[in-house]
Amino acid sequence: MATYSTVSNQVAALKELYTGSDDYMKDLVYKKNPFLALVPKNEAPGGFSGKYIPVPLVYGAPQGRSATFSNAQNNQTAPALSSFFVYRVSNYEIVTITNELLEATKDDAGAFVDEAKLNMDTGFRNISNDLALDLYKNGSGNRGQYSAISTGVITLSSASSVVNFEVGMALVSFSISGSTYTQSTGAAIGYIIAVNRSAGTITVSATAGGSAGTPTNWSTSFPYLGVQGDVAFGTISATTSYLKISGLAAWLPSTAPSSGDSFWGVDRSADVTRLAGVRFDGSSESIEEALIDAASLVNREGGMPDMCFMNFTSYAALEKSLGSKVQYVDVKHDEADIAFKAINVHSPYGPIAVVADRNCPAQTAYLLQMDTWKLRSLGKAPHILTYGLEGLEGLRVGNADALEIRIGYYANLICNAPGWNAVVTLSS
């Protein structure tokens with residue numbers, strides 16, 4: 001059982017860096033994660049209070065109109081109304097600081113902060129990068145798919161998904177059949193010991209701290225990879241079973257939902273555009289043409305997309321194709337002193353700022369009306385978790401001479417008008 005520790009002067013000194021200042025949000029959380037930085041947020045302490053957040057949406061006008069009075073009267077219907085009941089999910093990053101460091105810097109809080117800052121900074125970056133990735137995913141915990149494995153060397157199906165993996169990750173291998181998620185037989189874990197970002201491969205060991213080797217029963221029959229503890233196995237019949245944030249791929253699925261869909265309690269097949277967004281296949285067009293055509297469809301539905309996110313490969317292809325016609329603009333965060341370089345693309349309802357984001361899947365663009373989105377959380381996402389006391393609190397580790405600090409968040413992404421947004425398949 002964990003034992004509560006008193007808050008030492010040294011540990012409390014970290015509060016000035018990670019709770020008393022917003023600089024850590026700019027430098028550690030937002031800097032390389034544009035969509036996470038720019039998506040509107042409600043991070044008040046009560047920003048996601050209660051069991052869930054209801055997100056009501058009128059997707060059909062009431063009927064009862066006709067040039068003939070009796071027909072108007074007899075054919076009345078109520079407005080078509082649905083409500084997404086969105087639950088919070090939790091995520092944690094643990095940072096451990098040895099007691100020897102505490103003792104060695106007992107009389108010098110500044111020295112402690114200097115030594116401990118590296119651990120804290122990297123902890124914040126890790127959970128922030130995970131959050132930024134989740135904002136593009138569907139909530140299942142799937143980080144990527146592999147096409148081959150040999151002596152622990154995994155070839156990813158999409159080389160660009162290598163950005164989703166880090167040395168030290170403990171992975172599970174699983175299959176997806178419809179809504180059923182099945183872990184590899186024996187539930188073996190693969191520990192990443194190397195990442196080749198140029199080749200799009202990762203190398204795993206079957207044991208923690210071991211050498212390259214294929215974990216028991218890992219094969220392309222279980223071709224999906226997730227971090228241990230991120231994936232809920234079994235038949236996932238409802239969004240509430242997912243352990244991760246329901247990101248853009250959940251709200252704007254690339255395949256239109258069919259009858260029986262259950263997304264936060266709503267069967268979106270009743271109106272797949274207004275309830276699940278616009279889908280546009282622009283793979284046979286240039287990227288600029290695809291964005292303009294997709295924006296026209298969203299405009300037709302009443303949406304006014306103002307931002308577009310794609311990965312660096314697609315962004316570079318767009319930049320090259322525009323040549324001398326390219327127009328750049330700085331997109332600034334409303335609160336944090338940070339900006340991202342964007343390319344302006346014109347649509348029927350005005351310019352759209354296109355931003356490169358490493359977390360966006362390959363050959364995919366998300367065309368978004370940003371004021372329809374909100375990342376809601378209990379406090380900042382992420383922040384240092386406290387238990388019962390004000391300020392920064394550390395916990396003594398029960399089986400080690402060390403102090404544990406927990407970083408985390410309780411949050412989810414919501415959209416109040418999916419039909420004013422689009423997912424676009426790109427040619428490159």
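How do the residues of the lining of the largest cavity divide into nonpolar, polar and charged?

**Entry 1: ground rules.** I am working on a predicted model, where local features need pLDDT of at least 70, side-chain atom pairs count only at pLDDT 80 or more, and totals for chains, interfaces and linings use all residues. Residues are numbered from 1 along each chain as its sequence is written, and side-chain values use heavy atoms, with hydrogens and water left out.

**Entry 2: the chain.** I noted 11 helices and 24 strands in the chain (DSSP runs numbered from the N terminus: H or I of at least four residues for helices, E of at least two for strands). Of the 428 residues, 48% are buried (under 20% relative accessible area with a 1.4 Å probe, protein chains only; exposed is over 50%, partly exposed in between). Taking contacts (heavy atoms within 4.5 Å) between residues at least 6 apart in sequence, I find that 74% join residues at least 24 apart.

**Entry 3: the cavity.** I looked for cavities (sets of points on a 1 Å grid over the protein atoms alone where a 1.4 Å probe fits but cannot get out; lining residues have an atom within 4 Å of a point). There is one of 30 Å³ or more, and the largest has a volume of about 50 Å³ (the space filled by probe spheres set on the points, which are joined across faces, edges and corners). Its lining includes Leu133, Asp134, Lys137, Arg143, Asp230, Lys244 and Ile245. To settle the opening question, the lining divides into two nonpolar, four polar and five charged residues (Ala, Val, Leu, Ile, Met, Phe, Trp, Tyr, Cys and Pro are nonpolar; Asp, Glu, Lys and Arg charged; the others, Gly among them, polar).

**Entry 4: the cores.** Next came nonpolar cores (buried Ala, Val, Leu, Ile, Met, Phe, Trp, Tyr and Cys residues joined through side-chain atoms within 4.5 Å). The largest has 62 residues, of which Phe84 and Trp251 touch the most other members. Strand β23 (residues 402-415) gives this core its largest share, seven residues. Beyond four places in sequence, contacts of Phe84 include Ile53, Leu57, Trp251, Phe263 and Arg268. Another core, of 24 residues, lies apart from the largest one and has Phe280, Cys308, Leu318 and Val345 among its members.

**Entry 5: cysteines.** I found zero disulfides (pairs of cysteine sulfur atoms within 2.5 Å). Cys308 is buried at 0% relative accessible area, and Cys360 is buried at 4%.

Notes
1 Å grid on protein atoms, 1.4 Å probe; cavity = no way out; pocket = protein on both sides within 12 Å on 5 of 7 lines; lining within 4 Å.
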